[in-house]
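Subject: Handing over a structure

Hello,

Here is the structure I promised to pass on to you. Have a look at it first, and then read on for what turned up in it.

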Amino acid sequence: MKISKFLFYTICILSLIIVPISSARASENDLLGAGATFPYPLYSKLFDVYYKKTGVRINYQSIGSGGGVRQIFSKTVDFGASDAFLSDEELKKAPAEIIHIPTCLGAVTVSYNIIGDPQIKLTPSLLADIFMGKITKWNDIRIQNINQDVKLPSLKIVVVHRSDGSGTTAIFTDYLSKVSIEWKQRVGAGKSVRWPAGIGAKGNEGVSGMIKQIPGTIGYIELAYAMHNRMKTAAIQNKSGKFILPTLESTSLAANTNIPDDTRISITDTDSPDGYPISGFTWILVYKNQNYKGRSFLRAKNLVNLLWWIINEGQTFTKPLDYAPLPEKAKKKAEKLIKSITYGNETILK
């Protein structure tokens, strides 16, 4: 990409020290958002470009998908952001109808810190047993058997997981629940789970930082964070038996499937022969009827215009920041959803 990824990523982290959402005061040309850390490097770039283009400033707080859902439910932000779509039960609890606008695709990588930085492969069962704490040494015979070309150290495995409510966790545990009956029964899937082993860290930033600092660690982080930090990522065996590295191409291939009209879909454990199996969409969550809590039509229009720009012109910024752009089928569904947003009985986007 044209700018230093290290510099850009540093700016992303520094920008977390912003005033709390609850105390923020916004003008009609200011929009507030909160949620997923998964797409944060991309959103920071998009919102900066959009501000320079339109004068509409977006204050986005990277607090995790769980926080994003809570904020949109409490109507303290213009949009929430989540890597986990809302369940039918969650949608019923929302104060009004919420729609999901997909913005890009990302891969949840399995990153690790082993002396010598060897390239390793992991099967679904190995991955589940490592994160359940059943495999505790890197040179365990089961790991060594599928990595015979690598001499693995007699080093303790330290699992690192998210400590906050996280869409990245939802994607990762959704995958593990599909490939391991024991994981599904003992731990399950969700933005927050009771982890059987390991230590917690906040955000993709925290997990990636801990993996880099502590030898023997293994954890799950979004591809962009792994790429920006030059971290090793495991090749994961997919349904077809192929060991697939997380790349933009393998992430896009994972989404080669039918997309429902509401765009709520899990693409983990993909049937695509060359797809990376721990991939997922990330969404912006907004109220379908924007006439609430004294909001002006201009504010609602600014939000809709932003969403339209993200899924169209904004897609050109995905690949340089290590995110996969929306497939055409998903983009068309997103456009239809944005066109359905109203202000009272009036359609906003003509």
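To begin with burial: of the 350 residues in this protein, 57% are buried. Please keep in mind that this is a predicted model.

**The overall picture**

The chain folds into 13 helices and 14 strands. Its C-alpha trace spans about 65 × 40 × 35 Å along the principal axes. The radius of gyration is 20 Å, which agrees with the value near 20 Å for a compact globule of 350 residues. If you take the contacts between residues at least 6 apart in sequence, 75% of them join residues at least 24 apart.

In soluble globular proteins, nonpolar side chains tend to be buried together. Here the largest nonpolar core has 106 residues, and those with the most contacts inside it are L122, L127, F131, F172, I218, I278 and F281. Strand β4 (residues 98–112) gives this core its largest share, nine residues.

You will find L122 in strand β5 (residues 121–122). With a relative accessibility of 0%, L122 counts as buried, since that is under the 20% cut-off. By contrast, S192 is 70 residues from L122 along the chain, and the C-alpha atoms of the two are separated by 24 Å.

**Two residues with positive phi**

Most residues other than glycine have a negative phi. Which residues here have a positive value instead? K75 is one of them, with phi near 60 degrees, and T263 is another, with phi near 65 degrees.

Both sit in loops: K75 between α3 (65–73) and β3 (79–82), and T263 between α11 (248–254) and β12 (279–287). Are they buried or exposed? K75 is partly exposed, because its relative accessible area of 23% falls between the 20% and 50% cut-offs. T263, at 2% relative accessibility, counts as buried.

Enjoy looking around!

Best wishes

Key
Residues numbered from 1 in each chain as written. Predicted model: local features only at pLDDT ≥ 70, side-chain atom pairs only at ≥ 80, totals over all residues. Heavy atoms only, no water. Helix = DSSP H or I, 4+ residues; strand = E, 2+ residues; numbered from the N terminus. Rg over C-alpha atoms; globule rule 2.2 N^0.38 Å. Buried < 20%, exposed > 50% of the residue type's maximum accessible area, 1.4 Å probe, protein only. Contact = heavy atoms within 4.5 Å. Core = buried A, V, L, I, M, F, W, Y, C linked by side-chain atoms within 4.5 Å.
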